[in-house]
Amino acid sequence: MSGEHEILQQVYAAKEDMEAADRLIGAYMPFIKSETAKFLKRPPIEGHDDELSIAMIAFHEAVQGYSRLRGAFLKYAAMLIRSRLIDYRRKESRYGRALSLDAPAGGEETALGDTLTDGKDHSGQLETREAARTEIEELARQMSQFGVTLAAVAENCPRQRRTLEACRRALQYGREAPGLLEEFLRTKRLPLARLAEGSGVERKTLERHRKYMVALLLICTNGYELVRGHLQQVMKGGNAQ
């Protein structure tokens, strides 16, 4: 526990002081290299693997964006590093090799384009699925502290567009209301009265979808970027399924 407290002190100092940030990155280079190695499936080579630089930038981004609401700092940093590495790999696979599809493949007469099976980035899709699985497992672990399971959330999702919009308003208020998320995490209880009063959504609506709202608020308190991105698409589209 004292170790985590020490890390938090260093992180908050690094937010305000670039020299402190540089020292923090230097101190946690073994951690950054370890997370990069997990992604590469081998130790990164300094000066050779761009992924290590991406991971260092992501670690600094984690420092700047961290708050206690996001849980343990190193878990948050690890998720953000993996997310940024996946983004980098996607861009590299899509744009990094400007090869002509009419060029000979392997010195033969067959054109490179003829050797491609399809236009899908299968390795990128696999990495995204693995990262999403990691996020979902961590989210499930955190939800269990509130007595909520993923299956229960799926059953508790709003089925009507109007109800989904009401939950969206309550979520927006919950994210912006001072101290509400801190209270939520501290008490392990959904602050129904505050959410209802602040968002204008009927309390009984929130009570019916309590497990769903617990999941939404938890997603907003940690580095669940892939899960949150999917949630934003659902909310924007008005599709409750």
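## Overall make-up

A residue is called exposed here when its relative accessible area is over 50%, and buried when that area is under 20%. The structure is a predicted model, and its chain holds 14 helices and 0 strands. Of the 241 residues of the chain, 41% count as buried. Among the contacts between residues at least 6 apart in sequence, 63% join residues that are at least 24 apart.

## The packing of H9 with H11

Two packed helices are described by the angle between their axes and by the distance between those axes. For H9 and helix H11, which comprises residues 192-199, the angle is about 105° and the axes are 9 Å apart. Angles of 65 to 115 degrees count as roughly perpendicular, and H9 and H11 are therefore roughly perpendicular to each other.

On the H9 side, the residues that take part in this contact are Arg169, Ala170, Tyr173 and Gly174, and they meet Arg194, Leu195, Gly198 and Ser199 of H11. Sorted by class, the contact of H9 with H11 has 3 nonpolar, 3 polar and 2 charged residues.

Glycine 200 is found in the loop between H11 and helix H12, the latter formed by residues 203-208. Glycine 200 and tyrosine 173 are 27 residues apart in sequence, while their C-alpha atoms are 9.5 Å apart in space.

Lysine 188 lies in the loop between helix H10, residues 180-187, and H11. The phi of lysine 188 is near 60°, a positive value in a residue other than glycine, and this lysine is partly exposed, with a relative accessible area of 33%.

Helix H3, residues 29-40, has 12 residues and reaches 16 Å from its first C-alpha to its last, close to the 16 Å expected at 1.5 Å a residue. Within H3, the buried residues include Met29, Phe31, Ile32 and Glu35, together with Thr36, Phe39 and Leu40. H3 is followed by lysine 41, which lies in the loop between H3 and H4. The phi of lysine 41 is near 65°, again a positive value in a residue other than glycine, and at 62% relative accessibility lysine 41 counts as exposed.

Isoleucine 57 lies in helix H4, which covers residues 50-65, and is exposed, with a relative accessible area of 56%. Isoleucine 57 and arginine 84 are 27 residues apart in sequence, and 8.9 Å separates them in space, C-alpha to C-alpha.

How values were computed:
Residues numbered from 1 in each chain as written. Predicted model: local features only at pLDDT ≥ 70, side-chain atom pairs only at ≥ 80, totals over all residues. Heavy atoms only, no water. Helix = DSSP H or I, 4+ residues; strand = E, 2+ residues; numbered from the N terminus. Buried < 20%, exposed > 50% of the residue type's maximum accessible area, 1.4 Å probe, protein only. Axes fitted to C-alpha atoms, helices over the stretch in contact; angles between N-to-C directions. Parallel < 35°, antiparallel > 145°, perpendicular 65-115°, else oblique. Contact = heavy atoms within 4.5 Å. Nonpolar A, V, L, I, M, F, W, Y, C, P; charged D, E, K, R; others polar. Expected span 1.5 Å × (residues − 1).
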